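Good morning, and thank you for coming. Please look at the sequence and the structure as I display them.

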Amino acid sequence: MRTHSPVELVPCDPQWPQAFQRIRGRLLALLPQALSIDHIGSTSIPGMTAKPLIDIDIVLPGLGHIEGATRVLLAEGYEPRGNRYDDDVWAFLSKGSVPAERVYLCPEGNGTHRNRLAFRDYLIAHPQASADYAALKRRLAAEYRMDGDRYTAHKREFVDAIVARALAGDG
């Protein structure tokens, strides 16, 4: 039987942006071929309740750069979490760092990366949508406390709707 860690949400930590900048600097030194290193996820949205985990997309020039970048991350102690979203996105977790880091390698032009930036930027620009998302997260964390997969799955409809609005320039 697989054990699950509880879904833990914490209030926004004003140190998250600085933690991202520190992590970004280290990752850029390790992966100088990166085209961008972007803070994504709830910790990138001011005031947002979030898991205490810095989510980061590293955009590489193409698929040919993924294998080398993977070797670098593994040598630095990141745990591989596989290909995500069937969209050429590879996930890695660094549990030993504080805050914890989840890093994604993405080739340039990746749709998942584009959608994540659109979602983040829309919520930053629309406080009511941000508040609605925070309320949804709190409700789902209580309902699916020991099932992170269902917690994430039940956010999908909201996230998809926001991404559609953002990409359509709606709002």
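I shall speak about the sheet, then the helices packed on it, then the aromatic rings, and finally the cysteines.

Please note that this is a predicted model: local features need pLDDT of at least 70, side-chain atom pairs count only at pLDDT 80 or more, and totals for chains, interfaces and linings use all residues. Residues are numbered from 1 along each chain as its sequence is written, and side-chain values use heavy atoms, with hydrogens and water left out.

Let us begin with the sheet. Helices (H or I, at least four residues) and strands (E, at least two) are DSSP runs, numbered from the N terminus. Strands of a sheet pair through backbone hydrogen bonds, either parallel or antiparallel. Two strands are said to pair here if DSSP finds at least two bridges between them. In what order do the five strands of the open sheet lie? The order is E1-E2-E5-E4-E3, and the pairing is mixed. Strand E1 (36-40) and strand E3 (79-84) are the edge strands, each pairing on one side only. From one strand to the next, the twist averages 25 degrees; axes are lines fitted to C-alpha atoms, for helices over the stretch in contact, and angles run from 0 to 180 degrees between N-to-C directions.

Consider strand E2 (residues 53-60), which pairs with strand E5 (residues 100-107) in the parallel sense over eight bridges. E1 and E2, by contrast, run antiparallel and are joined by five bridges. There, isoleucine 37 stands opposite isoleucine 58 in E2.

Is E2 buried or exposed? Eight of its eight residues are buried, where buried means under 20% relative accessible area, exposed over 50%, and partly exposed in between (1.4 Å probe, protein chains only). Both faces of E2 are covered, with Leu53, Asp55, Asp57 and Val59 on one side and Ile54, Ile56, Ile58 and Leu60 on the other.

We turn to the helices. Helix H2 (residues 66-75) lies across E2, E3, strand E4 (89-94) and E5, and runs at about 165 degrees to E5. Helix H3 packs on the sheet and touches E1, E2, E4 and E5, its direction making about 50 degrees with that of E1. Contact means heavy atoms within 4.5 Å.

Next come the aromatic rings. Rings of Phe, Tyr and Trp (its six-membered ring) pair if their centres lie within 6.5 Å; planes under 30 degrees apart count as stacked, over 60 as edge-to-face and the rest as tilted. By this rule there are two aromatic pairs. Phenylalanine 119 and tyrosine 133 have ring centres 5.1 Å apart and planes at 85 degrees, so they are edge-to-face. This pair links phenylalanine 119 in helix H3 (residues 111-125) with tyrosine 133 in helix H4 (residues 127-143), 14 residues apart. Tyrosine 133 counts as buried because its relative accessibility is 4%. Tyrosine 133 also forms a stacked pair with phenylalanine 158, at 5.3 Å centre to centre and 15 degrees between the planes. Phenylalanine 158 lies in helix H6 (residues 156-167), so this pair ties together parts that are 25 residues apart in sequence.

Finally, the cysteines. Cysteine 106 is buried at 0% relative accessibility, whereas cysteine 12 is partly exposed at 31%.
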